[in-house]
Amino acid sequence: MSVVDRLVARIGRRLLHAPSWLRLRLSGRPQVRIDGQELDPGIQLALRLLELRGVATLVPDLRRGRPDVTDARASVRHTAAAFTLDRTEVGGVRDIEIEGADGPLRARHYRPFPSGTSGAPPLLVFFHGGGYVLGDVNTHDEPCRMLCRYAEVQVLSVDYRLAPEHPFPAGVDDALAAFRWAVAHASALGADPERIAVGGDSAGATLCAAIAQVTTRQGGPVPALQLLLYPSIDLTEARTTSDELFAEGFYLTDDDRQWCRGHYLSGPGNADGSDSRTSPALAEDLSGLPPAILISAAFDPLRDEDEAYAAALRAAGNRVVLQRAPGLIHGFLNMTVVPSARDAVLQIAGMLRAGLGA
């Protein structure tokens, strides 16, 4: 970020901590109320600030033509940096290479501060969101730091291959390979090999759901827990009420989703997204899966499919904790400069800590 960008971002950060009435006034709109829910004032102002910067959607310039993938990736990195100006301190961070499905992958390993308790900490293998096209270990550096510090877990954040250069099934193949690498190298990392979880947001969370299903059906090893933050759990053309309610104006738009979907499913086979590795909700058998923490967002077009998946997991006999983040939108994990989003991430870290400590 340039000096000017950082200055503007810091001014925006101060405004995001202003009283609710002032944040609403600065947003230029009355309190947004949809489906019996109120949009958080900080999120409402953040959306206005993004709009003023010309990045009010996940994929800017989509309506002015077919955007360049490289430019879209740069925009996501820039926006993530603007919303996470400060870095949470952890015990240690290092970039490493791990084995992917078709060659080495970049990964970032986070260690928590010593806790004073005996035994090695758990390990969370983390996969970033971005519709299988955008995002990397840098865009999700601060969320991984927060999960590491406040859940007291090691985090291994993985740069899996992205579409359109590497369409389905490259991403899910890399995710499976990364999880298996973590299982094989947990002791070398200093982590507890009996407590290896998978977690991610959006597309990354979908990869985690696929890992849980595939490893269970293949007889393991399976994750100790799956942390699913607003996953895209059904990549077919099926529609829900939340799809219609939040298709525009809440960062992730319907056009964004179709653009990402088109790139990810551009390879041979699975053109309709019906493969359960892209649409875990369509799996024939959901029984016997690892415990899940599933977080939906109140103003997210994916909300209803996420909550339906949690209900299906429960109906199949699995342990599931479902929580809807009130007032928040898709992508809030990367908006921790907004107080309500930061509070939500801290709560998620507490849930992860409890889940892996049980």
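**Close-up views of a predicted model**

**View 1. Strand β6 and its pairing partners.** In this predicted model, strand β5 (residues 123-127) pairs with β6 in the parallel sense over 5 bridges. Across this pairing, Leu124 has Val155 of β6 as its bridge partner. Strand β4 (residues 103-111) runs antiparallel to β6 and is joined to it by 4 bridges. Ala107 stands opposite Val158 of β6.

**View 2. The two faces of strand β6.** Strand β6 (residues 154-158) is mostly covered, with 5 of its 5 residues buried. In a regular strand, side chains alternate between the two faces of the sheet. Gln154, Leu156 and Val158 lie on one side of β6, and Val155 and Ser157 on the other; both faces are covered.

**View 3. The crossing of helices α5 and α11.** The axes of α5 (residues 141-151) and α11 (residues 339-357) come within 8 Å and cross at roughly 50°, which means that α5 is oblique to α11. The crossing of these helices is right-handed. Helix α5 makes the contact through Glu142, Met146, Leu147, Tyr150 and Ala151, and α11 through Arg342, Val345, Leu346, Ile348, Ala349, Leu352 and Arg353. By class, the contact of α5 with α11 has 9 nonpolar and 3 charged residues, and no polar ones.

**View 4. Buried residues of helix α9 and their cover.** In α9 (residues 254-264), the buried residues are Asp256, Arg257, Trp259, Cys260, Arg261, His263 and Tyr264. The cover over the buried residues of α9 includes the helices α4 (69-82), α6 (170-189), α7 (203-217), α8 (241-245) and α10 (303-315).

Technical notes:
Residues are numbered from 1 along each chain as its sequence is written. This is a predicted model: local features need pLDDT of at least 70, side-chain atom pairs count only at pLDDT 80 or more; totals for chains, interfaces and linings use all residues. Side-chain values use heavy atoms; hydrogens and water are left out. Buried means under 20% relative accessible area, exposed over 50%, partly exposed in between (1.4 Å probe, protein chains only). Contact means heavy atoms within 4.5 Å. Axes are lines fitted to C-alpha atoms, for helices over the stretch in contact, and angles run from 0 to 180 degrees between N-to-C directions. Angles under 35 degrees count as roughly parallel, over 145 as roughly antiparallel, 65 to 115 as roughly perpendicular and the rest as oblique. A crossing is left-handed if the near helix is turned anticlockwise from the far one by less than a right angle, and right-handed if clockwise. Ala, Val, Leu, Ile, Met, Phe, Trp, Tyr, Cys and Pro count as nonpolar, Asp, Glu, Lys and Arg as charged, and the others, Gly among them, as polar. Two strands pair if DSSP finds at least two bridges between them.
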